[in-house]
Amino acid sequence: MARDILTTDRLTLREITPADLPFLHRIFGDAESMRYYPRIKSFDETARWFQRLAFDSYASHGFGLWAVTDRQSGALLGDCGITLQETSAGLEPEIGYHLWRDHWGKGYAAEAAAACRDHALHTLGLARIVSIVRPDNIPSQRVAERVHRRRETFAKAGNPDGGMIEFYLYITDRT
């Protein structure tokens, strides 16, 4: 049984299970959902993604990507959670989120991400939590602006030609 991590007014965030992978691959294998990523993922790539950023991360760090479910129906909507990502300040805890497109525009990503922010700062005792967003990803910028206190710009490797890509780094520090 997957362990519940957080609840909000409308959502439960729980540990991801292998049974969730086919639904999550709908997101990661969908061109529209992955528009701001280099490319869609195969099922095996999706499984490796969640092995590293969910299952292994739970064991190593006590956090990772969690399943976002509707509190009333239990329906799986996508994932949101905390992973360690490289930023201009080094390896930092980052809130990431991916929802199936039917659930876009309903405030679920901001609700889940804000719960992850509060969990990171108050329950896990982390001093700082960030979100990394591409400058052309306006929907994710809107979510990050609702969740975080400030924004910086940084560049990291990731262009297919080996060049640098500019990202926005949304930041909340524990005060």
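This is a predicted model: local features need pLDDT of at least 70, side-chain atom pairs count only at pLDDT 80 or more; totals for chains, interfaces and linings use all residues.
**Helices H1 and H2**

Begin by selecting helix H1, residues 21-28, together with helix H2, residues 43-61. Their axes come within 9 Å and cross at roughly 110°. Angles of 65 to 115 degrees count as roughly perpendicular, and H1 and H2 are therefore roughly perpendicular to each other.

Next, display the side chains at the contact of these helices. H1 contributes Leu21, Pro22, Leu24, His25 and Phe28, while H2 contributes Phe43, Thr46, Ala47, Trp49 and Phe50. By class, this contact of H1 with H2 comprises eight nonpolar and two polar residues, with no charged ones.

**The aromatic rings**

Now turn to the aromatic side chains; the whole structure holds six aromatic pairs. Select Tyr37 and Trp49: their ring centres are 6.2 Å apart and their planes stand at 75°, so this pair is edge-to-face. Tyr37 belongs to the loop between H1 and H2, whereas Trp49 belongs to helix H2, and the two are 12 residues apart. The pair thus links distant parts of the chain.

Is Trp49 buried or exposed? With a relative accessible area of 16%, Trp49 is buried, because buried means under 20%. Tyr37, at 28%, is partly exposed.

**Two arginines over rings**

Select Arg26 and Trp100 next. Arg26 lies over the face of Trp100, at 4.1 Å from the ring centre. Then move to Arg151, which lies over the face of Tyr168 at 3.7 Å from the ring centre.

**Arg14 in strand S2**

Strand S2 spans residues 11-15 and includes Arg14. Is Arg14 buried or exposed? Its relative accessible area is 16%, and Arg14 is accordingly buried. Setting aside residues up to four places away in sequence, Arg14 touches Ala2, Arg3, Asp4, Ile5, Asp20, Trp66, Ala67, Thr69 and Leu76.

**Leu77 in strand S4**

Continue to strand S4, residues 76-87, where Leu77 is located. Leu77 counts as buried at 3% relative accessibility. Which residues does Leu77 touch, not counting those up to four places away in sequence? Among them are Leu11, Phe23, Ile27, Val68, Thr69, Leu99, Trp100 and Tyr108. For a distance across the model, select Phe55 as well: Leu77 and Phe55 are 22 residues apart in sequence and 19 Å apart in space, C-alpha to C-alpha.

**Val143 in helix H4**

Helix H4 covers residues 138-147 and contains Val143. At 14% relative accessibility, Val143 counts as buried. Beyond residues up to four places away in sequence, Val143 touches Tyr97, Ala109, Ala110 and Ala113. Of these contacts, select Tyr97, which is 46 residues from Val143 in sequence and 9.7 Å away in space, C-alpha to C-alpha.

**Phe167 in strand S8**

Finish at strand S8, residues 164-173, with Phe167 selected. This residue is buried, its relative accessible area being 10%. Phe167 and Phe154 are 13 residues apart in sequence but 5.5 Å apart in space, C-alpha to C-alpha. Apart from residues up to four places away in sequence, Phe167 touches Ile132, Val133, Arg134, Pro135, Glu152, Thr153, Phe154 and Lys156.

Note on methods: Residues are numbered from 1 along each chain as its sequence is written. Side-chain values use heavy atoms; hydrogens and water are left out. Axes are lines fitted to C-alpha atoms, for helices over the stretch in contact, and angles run from 0 to 180 degrees between N-to-C directions. Helices (H or I, at least four residues) and strands (E, at least two) are DSSP runs, numbered from the N terminus. Angles under 35 degrees count as roughly parallel, over 145 as roughly antiparallel, 65 to 115 as roughly perpendicular and the rest as oblique. Contact means heavy atoms within 4.5 Å. Ala, Val, Leu, Ile, Met, Phe, Trp, Tyr, Cys and Pro count as nonpolar, Asp, Glu, Lys and Arg as charged, and the others, Gly among them, as polar. Buried means under 20% relative accessible area, exposed over 50%, partly exposed in between (1.4 Å probe, protein chains only). Rings of Phe, Tyr and Trp (its six-membered ring) pair if their centres lie within 6.5 Å; planes under 30 degrees apart count as stacked, over 60 as edge-to-face and the rest as tilted. A charge sits over a ring if NZ of Lys or CZ of Arg is within 6 Å of the ring centre and within 35 degrees of the ring normal.
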